[in-house]
Amino acid sequence: MIKVTHVTKTYDDGKVRVEALRGINVEIKNGEFTAIVGPSGSGKTTLLNIIGGLDTPTEGNVIIGETNIALLSENQLIDFRLNHIGFVFQSYNLIPVLTAKENVEFLMLLQNKSEAERDERTTKLLKAVGLEDQINKKPNEMSGGQQQRVAVARALASKPDFILADEPTANLDSASTANLLDIMYRLNQEENMTFVFSTHDQRVIDRAKRVITVEDGKILSDIYT
Amino acid sequence: MSFWDKQPYLTFVPFVMLFKLAWRNIFRNKRRSIITVSSIIFAVIFAVFMRSLQYGAYGNMLKNIVSSYLGYIQVHKQGFWTEKTLDNSFSPEDITYLLDHENISYLSYRVEGFALASKDDNSKPVALLGLDVQQEKNRLGLDKKVVQGEYFTNRKTGILVGIGLRDIMSLRLGDSIIFLSQGYQGSMASGSYPIIGFIDLKTPELNKRTVIMDLAQAQELFAMPNMVTTAVLGLKNDNWEETQQEVIARVDTNQLEVLNWNEMLPELQQLIAVDKAGGLFVLFILYSIITFSLFGTVLMLTEERSFEYGVLIAVGMAKNKVIIVAILETILMAITGIIAGLAFAFPVVLYFNIYPINLSGQMQEVVEKYGFEALIPTSLDPSIALSHAGIIFFIVLAVNMYTIVKIKRLEPIKAMRR
């Protein structure tokens, strides 16, 4: 469960003051498939970053499970992200010098998982995203869609509580987008994995079970479909 | 929780992955890596060769000193070195007990005086050296320097004259020279001695004013039986500093002075000091260039990889581990450069150790003026290579401070904004 209460975020560089979030309250339950939508500059990415512990709120709390991540130190936050949150980025952001298998395995290595466990989970995840025959390819040897599927497998590798995906389909063609959404939807259905997207891709919005619309730093609507 | 659990960045398995990351990163921009490694190789070769040459020259100088007229250590009557008169002489019996010292193999006694040398209408002031001709033959190889006539092989009478003095005074073998001087304690010293040979001491100045005779003859000429002005200590090994201190502790320093080659040739010491300082200055410039070159690489690497570092930190990689990957990359390049540099430098240094550089022209004259060989062999002392490898490694670590600070301050959100 993700519980965001009275969260505000203000950027102030001394000259310009921008209120990116203005008192956001939202709860996302386990197993949800949620899209946060809104126009550019609406605050959806800021909200996603704050939920992911990549940014800190100016005011308010973000409670994940039983942890108020707004109170964690920088190192504690890094550790929390490793063990509780999976990230999928718009530009995939795989490690270019590692193969698909090594990219997926990477976070488990940081978690000091055994080799047997790493091998088993890596194989399972790459099979789940349909890339069992691409395990030794490096990112530059794969298409954008394949890279994003590796990114999803990587995000799942550390057994996170939920996955945050920032515009995951923005750089993908229609076929790749449909394929990726199918995979994420299946993981949500079969493994009850929680997904939270920030997007303005209608194809993602159409598949979401819940759509939260953000505008001018406030939640404009919150609809279960 | 064990210590290792608290230090996850030190556990072995992630380290293998961090190493793999760093190693593969080196090959991402091959051209830059080659330039960086090449600059390190060049620096190592240049620094090691230059220093080996410099220390080799000093080593050769020392070798020359021990085999030269001066020797490592001399004992005189207190004050002789500043006022070289025969009155500042002493009896060899005062120091024979020094032969008990474990590092002293022999004592070579001398009488060093001055006289006016005359032949027909010519007269010249000369340095008259009374030596233990057999012992000095073995030590200095004086017999090999005789270019005309013979050494004191089967005799102890007669004199050897420098070839410069021969030319000035138009001397020939068999001629007799009359010496006139002041002897010990103001006595009159005079005598006539036949020339048995001419000697080339390799130094024009010495050749113009040196006359050598047997010690006993000199003692008789200067009326100072059983007295000498100088004792050269023959050492079994090169540990002259410690030996000098031990000799000073044993002799009566109110009566005798114990000087090492440094103290007797302060100009040479200054020459070496100036040369060393010059070498250090060149090295400083070289290392400054290398430092900025490496810093440029580290700066580019860090800036280029900021996005990636941001991603790694965002997905949960501790900053310490990111720092290790970043630093390992430059350390691996440095180690490669250092090892390759040493591998290239070794045969060059070895070659010039076996075939030393032969000085010529003015440099040759200057060096030979001090009685040294005009050869510069390189030193094979491994500490030279190791110290410069260490300095370059330290520079690599130092320039990586930028990476450490940069990553420590990195905010993943800002870093991931392209």
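## Ser33(B)

Ser33(B) is buried, because its relative accessibility is 10% (buried: under 20% relative accessible area; 1.4 Å probe, protein chains only). The model is predicted, with local features needing pLDDT of at least 70 and side-chain atom pairs pLDDT 80 or more, while totals for chains, interfaces and linings use all residues. Residues are numbered from 1 along each chain as its sequence is written, chains are lettered from A and ligands numbered from 1 in the order written, and side-chain values use heavy atoms, without hydrogens and water.

Ser33(B) sits in helix α3 (residues 30-67) of chain B. Helices are DSSP runs (H or I, at least four residues), numbered from the N terminus. Beyond four places in sequence, Ser33(B) touches Ile26(B) and Met333(B) (contact: heavy atoms within 4.5 Å). Thr330(B) is 297 residues away from Ser33(B) in sequence, yet their C-alpha atoms are 9.1 Å apart.

## Glu136(B)

Helix α4 (residues 133-140) of chain B holds Glu136(B). Glu136(B) counts as buried because its relative accessibility is 0%. Neighbours within four places in sequence aside, its contacts are Ser108(B), Arg110(B), Leu131(B), Gly141(B), Leu142(B) and Tyr151(B).

## Nonpolar cores

The largest nonpolar core has 79 residues (a core: buried Ala, Val, Leu, Ile, Met, Phe, Trp, Tyr and Cys residues joined through side-chain atoms within 4.5 Å). Ile2(A), Val4(A), Leu47(A), Ile64(A), Phe106(A), Leu164(A) and Met317(B) touch the most other members. Helix α10 (residues 266-314) of chain B gives this core its largest share, 12 residues. Another core, of 54 residues, lies apart from it; Phe179(B), Val211(B), Met213(B) and Val251(B) are among them.

Definitions and conventions. Helix = DSSP H or I, 4+ residues; strand = E, 2+ residues; numbered from the N terminus. Buried < 20%, exposed > 50% of the residue type's maximum accessible area, 1.4 Å probe, protein only.
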